[in-house]
Amino acid sequence: MIYADNAATTKLDSDALETAMLFLTGEYGNASQPYFFAKPAKKAINEARETIAACIGAEPDEIYFTSGGTESNNWAIKNSVFPDAKMRTIITSKIEHHAVLNTCAAMELLGYPVTYLPVTDEGIVQPEKLSQYITDNTGLISVMLANNEIGTIEPIKELTRIAHEHGIRFHTDAVQAVGHIPINVKELDVDMLSASAHKFNGMKGSGFLYIRKGVELNPYVDGGSQEHGRRAGTENVAAIAAMAVALKKNCNRMEESTQRLRKLEKILLDTLTFAGVEYRRNGNDYRLPGNVNISIKGVDGEMLLHRLDLKGICISTGSACDSVNDRVSHVIEAIHVPEEYAKGTIRISFGVENTEEETLAIAEALIGILRKQVNGK
Ligand code: PLP
């Protein structure tokens with residue numbers, strides 16, 4: 001098996017697993033209890049908050065543990081408190097993940113106007129476009145830090161500057177970026193940032209929302225006093241502790257991983273080019289390391305995915321959450337990939353475990369499938 005769909009999810013890191021096991025089977029106390037047996041769990045949560053905060057330049061009490069990226073995005077967008085309780089407009093982009101797009105759609109049903117910003121053909125949200133779309137009624141701006149399909153990294157610092165000049169709160173979905181590119185929330189000047197552990201070798205069903213101190217955000221889950229009373233429920237200590245281990249490890253090796261992943265991208269693309277495959281690479285040059293999103297002329301991406309699957313190779317056609325929809329993804333549509341290429345879009349996303357041999361094997365498998373197709377087999 002060759003797994004090259006790390007933007008969909010990643011393998012749990014071995015040290016993170018070891019940490020999780022400790023809190024699943026040994027120190028399994030409920031962190032809210034006052035007795036000695038609960039102390040290690042409480043300590044682990046506090047330490048995880050500190051570690052995660054340090055990795056993104058936040059304060060520990062600005063980190064709120066959630067069940068992952070989807071929940072964090074829902075919380076940030078649905079529970080923003082607009083000072084005068086007006087139906088304020090939300091601005092987002094056309095290429096957000098469905099965890100943001102469908103949250104915005106739910107807000108529209110409640111009567112909140114939503115504006116969807118167009119992007120360039122490289123998938124960039126242009127700051128000047130944001131300025132044009134802001135009105136006196138804008139209450140929240142949510143633009144992703146990096147796109148999950150094409151890997152484009154957005155100019156968040158410029159976007160937050162514009163938002164704050166108008167006194168508007170800014171949220172970013174950083175699910176694909178955390179653990180993969182350097183992030184400092186203070187430098188980016190974001191008010192809220194969403195992250196998901198399973199995208200950086202942590203466990204599925206865990207993540208966090210960074211909420212800048214002073215930002216008014218209604219509690220997401222009412223109940224006990226966990227997460228400063230803003231997100232109640234007994235903490236998933238194993239997943240939280242594992243997330244911190246995985247994030248720290250990824251941050252420590254980020255520079256080296258980036259270089260390695262860039263090399264794998266090059267090997268793949270050079271091999272395809274050399275074999276005469278007619279493709280165009282989507283996204284811009286400033287993209288997530290390991291992301292290769294290409295549209296191949298005159299083929300069906302679904303067919304490629306299934307044929308590669310038969311050879312034990314896992315890749316994606318778009319975002320995993322969208323693979324049931326047999327249509328060109330909203331991202332590929334928004335960046336205007338020409339029709340003869342659009343349906344042949346695939347995403348190969350390399351991770352820390354992929355090797356050069358695997359990369360060559362993927363390229364050769366793809367070339368083989370494409371040659372068979374030309375020969376009508
Ligand atoms: N946002 C982005 C950009 C994503 O890529 C994903 C997952 O694919 C999510 C949000 C959802 O995160 P989770 O799977 O943790 O709910």
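This report covers the ligand site and the cavities of a predicted model.

## Shell around the ligand

The ligand is surrounded by 14 residues. Thr70, Asp173, Gln176, Ser196 and Lys199 are the closest of these. Helix α3, which spans residues 69-78, supplies three residues, the largest share of the shell. Sorted by class, the shell consists of nine polar, three nonpolar and two charged residues.

Side chains of Thr70, Gln176 and His97 each place a polar atom by a ligand oxygen. For Thr70, an N or O atom of the side chain is 2.5 Å from an oxygen atom of the ligand. The distance from a polar side-chain atom of Gln176 to a ligand oxygen is 2.8 Å, and the corresponding value for His97 is 3.3 Å. On its own the ligand has 390 Å² of accessible area, and the protein covers 87% of that area.

## Cavities

Two cavities of 30 Å³ or more are present in the structure. The largest cavity has a volume of about 260 Å³.

Its lining is made up of 23 residues. Those nearest the centre of the largest cavity are His180, Leu261, Pro289, Phe350 and Gly351. Helix α9, covering residues 254-274, contributes four residues, the largest share of this lining. By class, the lining of the largest cavity comprises 14 polar, seven nonpolar and two charged residues.

How values were computed: Residues are numbered from 1 along each chain as its sequence is written. This is a predicted model: local features need pLDDT of at least 70, side-chain atom pairs count only at pLDDT 80 or more; totals for chains, interfaces and linings use all residues. Side-chain values use heavy atoms; hydrogens and water are left out. On a 1 Å grid over the protein atoms alone, a cavity is a set of points where a 1.4 Å probe fits but cannot get out, and a pocket is an open set with protein on both sides within 12 Å along at least five of seven lines; lining residues have an atom within 4 Å of a point. Grid points are joined across faces, edges and corners, and a volume is the space filled by probe spheres set on the points. Helices (H or I, at least four residues) and strands (E, at least two) are DSSP runs, numbered from the N terminus. Ala, Val, Leu, Ile, Met, Phe, Trp, Tyr, Cys and Pro count as nonpolar, Asp, Glu, Lys and Arg as charged, and the others, Gly among them, as polar. A residue is near a molecule or strand if one of its heavy atoms lies within 4 Å of it. A polar contact is a pair of N or O atoms within 3.5 Å; within protein, one must be able to donate a hydrogen and the other to accept it, and residues adjacent in sequence count only if both atoms are side-chain atoms. Accessible areas come from the Shrake-Rupley method with a 1.4 Å probe; for residues, only the protein chains shown count as cover.
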